[in-house]
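Here is a short briefing to read alongside the model. Take a look at the fold first, and then we can go through it topic by topic.

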Amino acid sequence: MGDGGALGGQGLRSSSDHERFLWRIDRFKELGFSEAEAPQLAESDADLGQARHLLATGCSLTLALQILL
């Protein structure tokens, strides 16, 4: 399951990855991250659950961004 699959399978995987990326951007925006921050978080290994927890317990967006990235 590496990034270097056969050419025939990359299109479907890329589409699925892109949909997941867009979904993650939307979720991070819903949490209050900016238009610039949300894509950064979405393409990273940042955990949405951790982001929700940090913000729910009073962590600022600035500090949460630093922790998540």
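Let's begin with one arginine: leaving aside residues up to four places away in sequence, Arg 27 touches Leu 48 and Arg 52. Please keep in mind that this is a predicted model. The chain has four helices and zero strands, and Arg 27 sits in helix H1, which covers residues 7-30.

**Around Arg 27**
- Arg 27 counts as buried because its relative accessible area is 18%, and the cut-off for buried is under 20%.
- The side chain of Arg 27 also makes a polar contact of 3.0 Å with the side chain of Glu 30.

**The nonpolar core**
- The largest nonpolar core contains 14 residues.
- Among the residues with the most contacts inside this core are Phe 28, Phe 33, Leu 41 and Ala 46, along with Leu 54, Ala 64 and Leu 68.
- At least two residues of this core come from each of H1, H2 (37-43), H3 (48-56) and H4 (61-68).
- As general background, nonpolar side chains in soluble globular proteins tend to be buried together.

**Phe 28 and its partner**
- Beyond four places in sequence, Phe 28 touches Phe 33, Ala 38, Leu 41, Ala 42, Ala 46, Leu 48 and Ala 51.
- The structure holds one aromatic pair.
- That pair is formed by Phe 28 and Phe 33 in an edge-to-face arrangement, with 6.0 Å centre to centre and 75° between the planes.
- Both Phe 28 and Phe 33 are buried.

**The chain as a whole**
- Read from the N terminus, the order of elements is α-α-α-α.
- The chain has 69 residues, and 23% of them count as buried.
- Among contacts with a separation of 6 or more, 30% are between residues 24 or more positions apart.

**How confident is the predictor?**
- The average pLDDT of the chain is 87, and 81% of the residues score at least 70.
- Over residues 1-12, pLDDT stays under 50.
- For residues 1-12, the model has three contacts beyond four places in sequence.
- Helix H1 covers residues 7-30, so please read its beginning with the pLDDT under 50 for residues 1-12 in mind.

Note on methods: Residues numbered from 1 in each chain as written. Predicted model: local features only at pLDDT ≥ 70, side-chain atom pairs only at ≥ 80, totals over all residues. Heavy atoms only, no water. Buried < 20%, exposed > 50% of the residue type's maximum accessible area, 1.4 Å probe, protein only. Polar contact = N/O pair within 3.5 Å; in protein donor to acceptor, adjacent residues only side chain to side chain. Contact = heavy atoms within 4.5 Å. pLDDT = per-residue confidence, 0-100. Core = buried A, V, L, I, M, F, W, Y, C linked by side-chain atoms within 4.5 Å. Phe/Tyr/Trp six-rings, centres within 6.5 Å; stacked < 30°, edge-to-face > 60°.
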